[in-house]
Amino acid sequence: MSGFRLFPSARHLLTAAVIAVSATAVTAHAETRVTYKSASAGTAYYQMGVELSEAIRIGTGGDVILTLEESQGSVQNVMEVMARQSNYVFTTPPGLINQAVAGEGPFAERQSERFKDIRGLFPIPAITMHFVVADGDGVIGLEELEGKHILIGRGTFGAREAERYLELFGLTDKVRVADAQIGSGPDALKNGQIDAFVTASSFPTPNVIETAASKKISLVSLTDEQIALTGAARQTIPAGTYTGVDQDVQTTSLPVIAYTTTAMDDDTAYTLTKTFWERRDAMAAETAWWGSITPDMVANIAGGIHPGALRYYDEAGIAVPDSLR
């Protein structure tokens, strides 16, 4: 008679192996992967992505994995909604969502019905304008940018906002704008290739910390009248946030939201939102900027809230405007 007979111990080993393989398959199946696209490396928002990825991993016991992707800015993040499928999360100021849906501004020539599928999840720290100047007294006025060689970047919210401010305050023809990406700003300033750079990021932002650690810098502080003219919200960068800047700096800021689309299933959106809020205090204990997030900032979301996120907000008793439901 051909064939063979398994002894009990062999049968047990085979059974155990089948169970182990099955368990591994179930674990792999249960793991949800999410792409998270925020900003370029070296910025505060990229660092936030690193911290948020770790918070989601810990908070879900590894069931949800956020894979961080570098980005050149918020417009690119929104544009990619046209091609991305399923679990795509990105950050942007809410105003860009309104423009995308309306086919205005940077989206005027690239319109898509998919922009109407964008839905909000939760707020992240606000974009804060930093005008970083070599040398000086730590805090200077906007007029001291006159005659400077300034790097403002290309294609980002910060670049567009910096360009708007230069025009608004009559400095467009009084400064020389460098043609380079914002990521090269710190090195270019330290090497004397430029006199200043402008970055829009939550504070304390890594590229300004890096610059101030090796070179004396100043930050531009705006007057009340200048802030009013920008139409943006006032933001105070406290004294001592950066080395050598020993006075409060008055500048402007803009809300930022983590968005996804209706292609994300409700349970994933619920888990991401719930885990974010449950891990917020732990993140704030590690990095101060997360402490600025409060439930009332949910009202800053534009374009509606994802049903899965809304489920969490209703469970948690966090107020959501009717217009976002």
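Confidence in this predicted model is lowest in helix H1, residues 8-30, where the mean is 44. Helix H10, residues 307-316, has the highest confidence, at 98. Over residues 1-29 the pLDDT stays under 50. For that stretch the model has two contacts beyond four places in sequence. The protein chain as a whole has a mean pLDDT of 89. Of its residues, 91% reach 70 or more.

Move on to helix H2. This helix covers residues 44-59, 16 residues in total. From the first C-alpha to the last, H2 reaches 22 Å, close to the 22 Å expected at 1.5 Å a residue. Which residues of H2 are buried? They are Ala44, Tyr45, Met48, Gly49, Glu51, Leu52, Ser53, Ala55 and Ile56. After H2 comes Gly61, with a positive phi near 65°.

The structure holds three cavities of 30 Å³ or more. In the largest cavity there is about 300 Å³ of space. The lining has 23 residues, and those closest to the centre are Ala39, Tyr45, Gly73, Thr156 and Ala200. Tyr45 is also among the buried residues of H2. Two elements give two or more residues each to this lining: H5 and strand E8, residues 196-201. E8 supplies the largest share, four residues. By class, the lining of the largest cavity has eleven nonpolar residues, twelve polar residues and no charged ones.

The second largest cavity holds about 40 Å³ of space. Its lining is made up of Tyr36, Leu52, Ile56, Leu66, Val89, Phe122 and Leu272. Leu52 and Ile56 belong to the buried set of H2. How does the lining of the second largest cavity divide by class, into how many nonpolar, polar and charged residues? The count is seven nonpolar, no polar and no charged.

Now turn to helix H9, residues 266-286, which contains Thr268. Why does Thr268 count as buried? Its relative accessibility is 8%, and buried means under 20%. Beyond its neighbours within four places in sequence, Thr268 is in contact with Thr32, Val34 and Asn87.

Next come the pockets. The largest pocket has a volume of about 230 Å³. Its lining includes Pro125, Ala126 and Thr128. Ser202, Phe203 and Pro204 also line this pocket. So do Gln235, Thr241, Ala288, Trp289, Ser292 and Met297. Which element gives the largest share of this lining? Strand E4, residues 118-134, gives three residues. The class count for the largest pocket is seven nonpolar, five polar and no charged residues.

The second largest pocket has a volume of about 170 Å³. Pro93, Gly95, Leu96, Gln99 and Pro106 are among its lining residues, along with Phe157, Arg160, Glu161 and Leu254. Helix H4, residues 94-102, and helix H5, residues 157-168, each give two or more residues to this lining. H5 also gives two or more residues to the lining of the largest cavity. By class, the second largest pocket is lined by five nonpolar, two polar and two charged residues.

Notes
Residues are numbered from 1 along each chain as its sequence is written. This is a predicted model: local features need pLDDT of at least 70, side-chain atom pairs count only at pLDDT 80 or more; totals for chains, interfaces and linings use all residues. Side-chain values use heavy atoms; hydrogens and water are left out. On a 1 Å grid over the protein atoms alone, a cavity is a set of points where a 1.4 Å probe fits but cannot get out, and a pocket is an open set with protein on both sides within 12 Å along at least five of seven lines; lining residues have an atom within 4 Å of a point. Grid points are joined across faces, edges and corners, and a volume is the space filled by probe spheres set on the points. Ala, Val, Leu, Ile, Met, Phe, Trp, Tyr, Cys and Pro count as nonpolar, Asp, Glu, Lys and Arg as charged, and the others, Gly among them, as polar. pLDDT is the predictor's confidence in each residue, from 0 to 100. Contact means heavy atoms within 4.5 Å. The expected span of a helix is 1.5 Å times one less than its number of residues. Buried means under 20% relative accessible area, exposed over 50%, partly exposed in between (1.4 Å probe, protein chains only).
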